Structure formats: structure tokens, C-alpha cells
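Subject: Structure handover

Hello,

Here is the structure I promised to pass on. Please open it first, then read my notes below.

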Amino acid sequence: MTHPAALLEADRRHLWHPYASTAEPGPLRCVTEAHGTRLVLDDGTGPVEVVDAMASWWCQVHGYRNPVLDRALHEQVDRFSHVMFGGLTHAGAVGLAERLVAMTPDPLQRVFLADSGSVAMEVALKLARQYQVARAGGRPTRRMRCAALRGAYHGDTWGVMALCDPEGGMHAMYAGAVEQHLFLPRPPGFAADEAQLQSWAEQARALVHAHRDELAAIVVEPVLQGAGGMWPWAPAALRELRALADTYELLLVADEIATGLGRTGRLWACDWAEVVPDVLVLGKAMTGGYCTQAAVVATEQVARTVSQGCGALMHGPTFMANPLACAVSSASLDLLADGWQHQVPALEQGLRSGLAGLQDHRGVTDVRVLGGTAAVELTRPVDLPLATRVAIEHGVWLRPFRNLVYAMPPYVCTAEDLATITGAMRAVVDALTEEAC
């Protein structure tokens, strides 16, 4: 086995990491083992075991080396690992689609399987536009733009970058190159009062009304914005967006890639508002973090309109409905059906109790917890190398960004894991505050 130090050296020569510079790379550690909620890291000086509070960017909800998911992959690879989905189908894809239709609210029942969350959002964007073209009788239409939210993040591929916050998001450098969509004010916080909601709703209504002839859809991360700031927002605002979509004949697209399958404390974040979108996009937890796969689930009315008006939805990924991904997704959904209802409330309780009182810390402006997500907002940007080092010293893998120290841990975390995670978050906040003084 190659020594971690040699692997790290070779990595520095050849690999390019996400959101990272090759000229001034940040600290890097090699993963040598993973099991349950734990990663074994080595920076070349020896192994250290940590709790993964990131769930590998929010997807490894059942933990590493889960025997159910391992078995599903082994059994499928013994049959066949991949086959094109154009003109062919297979039991894994059909079974997964049936599971997703059963889990999503009526009338969502038509499933398009994509190969990542960003790609699935691209499909949803295409779908919204083709829907408006079909409604116009196949003729050109002005209804090509979308209304998104300030603070939004919907992926890194070209089309959906334009749906991310154009100023505060991570894609601001592409301003002027990507399409220009309409951005509504960020909804008020989860516990907003009636006056806050009314003020926001008046602004949203005015903007949508003014651009009603240009819009194809309203696109949102329901109730919890993720990479845009870990911001839980008022479910009543989602009901308002549903009403606006209905009034102006727009599709409501719910990006539940991060929020779906229990993460917010409801199976779907839309359930907080008792709202059903026209298009629901999911990923991450769907495969339990084992493979890359996502799904776009649309109403039959939307699918029929597009198909009758345009003939086909114009998208076809090479690895669409990959049998390995379908097999592990079905197994992951089985585990979720048996577990998230008690796992996620336990996460929320542990995160809340472990971070209690931290909002009074002099370096903290806010502490937000919803379901299996916790974020500590600081008064200044995070020193990532320092934060990472301190977290590892306290037995946790964290990946803070901007001015947020946050956790989205695996659903299978124990009370001990959660105490370790929140203890490390507190230690990181202390270290960052001391550095600023």
C-alpha cells in the first residue's frame, strides 16, 4: 500500500480539487479507511480517526461500509454494471422509479434519472422551458427566465449557475456570461412573524407580476438554503410562491437535493408548507453517498404537456439509470423508510443541546438548527486551515465556508458522535475568535 505521504505528494502534482487553487493549495489529508460515521485521515504523519460531520457533502446518511448498501452493489455488479438507457430498460430503474413515485406526493409520478444533482437541475431547467414552449403551441415564447431566491445555490454546471445568487454566491465571477434570471428577496427566517412575511410577500408578488410574461418557473431550495448560507426560511413563504406559480401559470421547481429524504425533519422540505411542487429534484441521500445519481420527478400533466408539445425532453446522460446506482438507491430508500423518522429528530436534539448558548459568544452572530443541519454564523470569514486543524484535533471532520461553521452529519450518528461534533464546532469558534482578537 502506498504511504499517505507519497499519495499526497502525487496528488499535489496532478490533481485539481474543488474550489481550490493549484498555485496555493490548502491543507490536504488522505483518507485511508472509512466505517460507520468515522473517517481515518493521514496527513503523512500518522492516522487520526474523526467523526465525519459533513456526511461527505451531505450524502453519506447511512454511514460508510453499510452492509445493506454494500450487498446491493455486489449483487448488481454480478449481473451487469451498466447499460444504455436509450431504447432499453432494466428492473433496477423500474423498481427505483416505483419507489420514488410511492414516496413523493401526488400527483408527482414521472421520473427522469440523471447522473448528479447539478445535471438534474439542468434537466429541470430544460423541462420548465420546454413546458412553456409546448404551452405556446411549439412557437417561440418569451417565457424562458426563472425566478429564484437571493442566497440560492443550485449547482455548478453552466445553466444552473445562473440560478445561484449572482452577487453573494460562489459564481459571481461569471456575471454577464451566464443567463440573467429574476431574483426574489430571500424569505424571512423560519420563525418569521406575520409582518415580516407580509413585507416579503409584497416584494415577491410585485417582482413576479412585473416579469410575468418572461417567466417559465419559480425555482427554490424549499425551507432550507444550503450552500447559500444554511438559511432556514419560513414555510409560509413557500406557500406564497406556490400561489404565485399558480396565478401566473409557472412551474414550481423544488430543489430537494440537499433537503429531501428527511434532512429538515420532514420527508420532503416542501411538507413543512404542505405544498406539492410541479417538479421535485432529489439526490445526495438517495444513493446513500455510494454512487452519483439524482432524479427529477414531475407531475404527469407536466410530462404530457412537454411530450405532446415538443415530442421529447431533450436530455440523455450516458450514465442515466446506471444499474449500480439504481440498485444502491433502492437499498438506500429502504433504509430511509425504516430510519429517518427517529434518526433526524435525534440529530436535531443533539445539535441543539450541544450548541446551546453559543449564540451569546462574542464571535457569533447566529446559531441555526433545523433537522439534521446546524450552522454557526460568525462575525468574520473562517480561516479554513485553522478551523480544519482544530476540528481534527477535537476528533471531527468539518468543512466550514465563508463565515459559517456548520454540520450536516450522517443520520446514523450516535449521541456520543453528536457531542463530539458540537464540541469541535465550539472549539473552532473559540479558536477563530481568539485569532481575530
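Is E179 buried, partly exposed or exposed? At 39% relative accessibility, E179 counts as partly exposed, because the buried class ends under 20% and the exposed class starts over 50%. One caution before the rest: this is a predicted model.

**Salt bridges**

E179 has a partner. Its salt bridge is with R129, and the closest N and O atoms are 2.4 Å apart. R129 has 17% relative accessibility, so R129 counts as buried.

The count of salt bridges comes to 19. Another one of them joins the side chains of R205 and E240, at 2.7 Å from N to O. R205 belongs to helix α7 (residues 194-210) and E240 to helix α8 (residues 235-247), so this pair ties together parts that are 35 residues apart in sequence. R205 is partly exposed, with a relative accessible area of 32%. E240 counts as buried, at 17% relative accessibility.

R368 and D366 also meet through their side chains, in a salt bridge of 2.9 Å, N to O. R368 is buried, with a relative accessible area of 9%. D366 counts as partly exposed, at 27% relative accessibility.

Look as well at R38, E49 and D417. Salt bridges link these residues in a network.

**Aromatic pairs**

How many aromatic pairs does the structure hold? There are five. One of them is Y19 with W57, in an edge-to-face arrangement. Their centres are 6.4 Å apart, with 80 degrees between the planes. Y19 is in the loop between α1 (4-14) and β1 (30-35), and W57 is in helix α2 (residues 55-58), so the pair ties together parts that are 38 residues apart in sequence. Y19 counts as exposed, at 54% relative accessibility. W57 counts as partly exposed, at 40%.

W58 and Y406 form an aromatic pair too, again edge-to-face. Here the values are 6.2 Å centre to centre and 85 degrees between the planes. W58 lies in helix α2 and Y406 in strand β16 (residues 404-407), so this pair ties together parts that are 348 residues apart in sequence. Both W58 and Y406 are buried. F401 joins them: ring pairs link W58, F401 and Y406 into a cluster.

One more ring deserves a look. R266 lies over the face of W272, 3.8 Å from the ring centre.

At 36% relative accessibility, M170 counts as partly exposed.

**Database record**

UniProt, in an unreviewed entry, lists G117, S118, D255, P317 and T318 under "binding site". These positions are spread over 202 residues of sequence. They are spread in space too, with up to 22.6 Å between C-alpha atoms. G117 lies in helix α5 (residues 117-135).

Best wishes

Terms used: Residues are numbered from 1 along each chain as its sequence is written. This is a predicted model: local features need pLDDT of at least 70, side-chain atom pairs count only at pLDDT 80 or more; totals for chains, interfaces and linings use all residues. Side-chain values use heavy atoms; hydrogens and water are left out. Buried means under 20% relative accessible area, exposed over 50%, partly exposed in between (1.4 Å probe, protein chains only). Rings of Phe, Tyr and Trp (its six-membered ring) pair if their centres lie within 6.5 Å; planes under 30 degrees apart count as stacked, over 60 as edge-to-face and the rest as tilted. Helices (H or I, at least four residues) and strands (E, at least two) are DSSP runs, numbered from the N terminus. A charge sits over a ring if NZ of Lys or CZ of Arg is within 6 Å of the ring centre and within 35 degrees of the ring normal. UniProt positions are given in the numbering used here, feature names are shortened, and annotations may be inferred rather than shown by experiment. A salt bridge is a side-chain nitrogen of Lys or Arg within 4 Å of a carboxyl oxygen of Asp or Glu.
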